[in-house]
Amino acid sequence: LPALARKLAALDGLLSGSVLAAATLLPGAIAIGATFPFAVRILARSADDAARASARVFAWNTVGAIAGSLGAGYLILPALKFAGTAAVATAISLVLALAAALIRPRQKALMVTALIGLLMVAAFRPGTPWQVLRRGALGPQVTPGEVVYYGVGRSATVLLHEQRMGWRLTTNGLPESFIGAPWQRSTGQGVAHWLTLLPFAVRPETRSLLVVGLGGGVSAEDVPRAAEEIHVVELEPEVVDANRWTAERRRSNPLADPRLHLHINDARGALRLTRRQFDAIVSQPSHPWTSGASHLFSHEFLELVRDRLTPEGVFVQWMGLPFVDDVLLRSLVGTAVGVFPHVELYQIQGSFLVLASAAPLELDSTASQALAAEPQLWSRLGILCPEDILAARVLDTPGARRFAVEGRPSTDLFNLFRLRSPKILQQPLKAAAADSILAPYESPLEGTNLDRLYLVRRLIRQGSVDRARRLAEASPDPLTRQAAIGLVKLAADGNAGELELRDVLTSTTEADDSAFEALHALLITRYQSAIREGEPVSFVERFHDDPAAAVIAGWRLSGAGDLQALRGLEQRLASVAPRHPLFAEATRLRAEWRTESGQPEIAGEGLTLLEPLLAQRDGQLPDLLLYARAAVAAREPLAALAAVSNALPMVERGSAPALEAAGILRSLPAEARVDDWRRELSQQLRRPPPQAGRRRR
């Protein structure tokens, strides 16, 4: 039967699905349905007793249905889980059959069958249906990794899957969160941290925070110190228990934060039960079509949130890009616009964040204060200056209002997310399509203290090249516009970009901002290799002052292998500001000498320096390999393996990066937890990946 079920499940089409459903459900449905007339027949000794017996059976059936649903959902399933519940349910059915067989006239065949069945249940208990529990509505794929935690709650079945870099938390087979292992220093869950940091970017004075949904606890890991209270509302107690299982195993345990107060309740119920107000409320339900989450995207829920915010309080709502299309995205923004006068939309990686408040959102003036208060928290996300936050803002309030004109608000009576989101799972909104939809309404990214050329570079680094092009073309200054367009062309087509930037140099003085940008862009892309190889380059004569002179000297020393002298440039390299075009190059040089220092603690400093670059650039190949080398030197082999794993999709077989990656793998110590992963990565290096080298920069 299992083999037949797998064959039927592998077939496409309505007919095969119907056959599989009928084969699974019909026998049990027939047997359960037959119990009612059988019970009536047992109680009714004659035709005259039929009405009275039917009433008695119906009454007890109603009582049993109520008791059974409450008992099974709240007691039996959580205690015995699926395998134990199936065994108990089967045994009870067989006991009832045995009791019926003993009632006169006795049914010997039924009695023998029931006894044999009970013996089989005792000898061969049903197993846990892992293939069902590890699958969700997002596709036929089974979540990989050994299940290290399994809990059946009142609203969901919760699993923790141990994977190479941490643990994947799923509820009812759907992925909820990824909890990183302690050695995973570079964050892979940037959006989760953005959720609780974004309120502080616009309201640095935030003191009380409410988080809807614990998930993997990642959002509550690194809440700024300014917050005096962190309240978390979680619907399912098993999610909390899964987090407790990881408490001593993860990088940071949010449940140990003395500021955190945990509430087991539905979010709407919890908000109705309190009259207090919060400075910020963050909502992160993962799957908007599910019963536990869909009602957290409605107009009525946002009204409840608004009433529980302080006058200047802010609300942040998460939405995954795969769960929306044009209609749902407009509905998401439109629902917020219908409740809050000030609404903005941010796009981070593959997610949207809606930021809303009753008071104006003035990120341009508040971001600097927030970054100054918690620089380390922001730097782990690659946020080093206000432009890094503004680059994620795709719609300001005027743009959000114009975008939402065609959006139908989602309400409790007509919940658009519950009705529509499941239908678009197989054809979700792509990043390129989202960009084209939002482009006519996007935030202008203007301000008196903003560096437009830096913004263009930042958008290019995060992969928003089309948006960078639009920002470049909108520049009011002709030379700045030409330099910005040159940067965009340099990212798309090196030769065309070089020509554009050289034209900028011939059109202005070197003291001009546009010429400054062009000089440094050409220095990095056109002349870096020659300088590292010790070749004479006349172009470098144009750079007399730091930081360019320090970086050029660092390239020469790095190429010559004189890392002790490179170390002597530390103070000059460290003075390069984040907005400077050579900041990333200076940071790499600072990490390079630390990596080769031979001292694990100093090499660990190199890892910390590289984390913002990896977060900003979505893991570019040279940075990942340098990070892996630094991790080896810092004696963090698993962090090195993680970096090589992230680099492999960008590595061409037989290339210099492939040889470097292989050397890194060979340099790792022989340990049980390292060897299997190293062997797997070594095998991947020997075969060409699909679309090899496509992402290499």
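The contact (heavy atoms within 4.5 Å) is made by Val465, Ala468, Arg469, Ala472 and Glu473 of α18 and by Arg481, Ala484, Ile485 and Val488 of α19. Colour these residues by class: six are nonpolar, none polar and three charged.

The model is predicted; local features need pLDDT of at least 70, side-chain atom pairs count only at pLDDT 80 or more, and totals for chains, interfaces and linings use all residues. Residues are numbered from 1 along each chain as its sequence is written, and side-chain values use heavy atoms, with hydrogens and water left out.

Next, select α17, residues 452-461. Ten of its ten residues are buried, so α17 is largely enclosed by the rest of the structure (buried means under 20% relative accessible area, 1.4 Å probe, protein chains only). Among the buried residues are Arg452, Arg457, Arg458 and Arg461, along with Leu453 and Tyr454. To see what covers them, show α13 (386-390), α18 (465-473), α19 (478-492), α21 (513-532) and α26 (600-617), which are included in the cover.

Now go to the ends of α17. At the start, a side-chain oxygen of Asp451 lies within 3.2 Å of the backbone nitrogen of Leu453. Just after the helix, Gly463 has a positive phi of about 90 degrees.

Definitions and conventions. Buried < 20%, exposed > 50% of the residue type's maximum accessible area, 1.4 Å probe, protein only. Helix = DSSP H or I, 4+ residues; strand = E, 2+ residues; numbered from the N terminus. Polar contact = N/O pair within 3.5 Å; in protein donor to acceptor, adjacent residues only side chain to side chain. Nonpolar A, V, L, I, M, F, W, Y, C, P; charged D, E, K, R; others polar.
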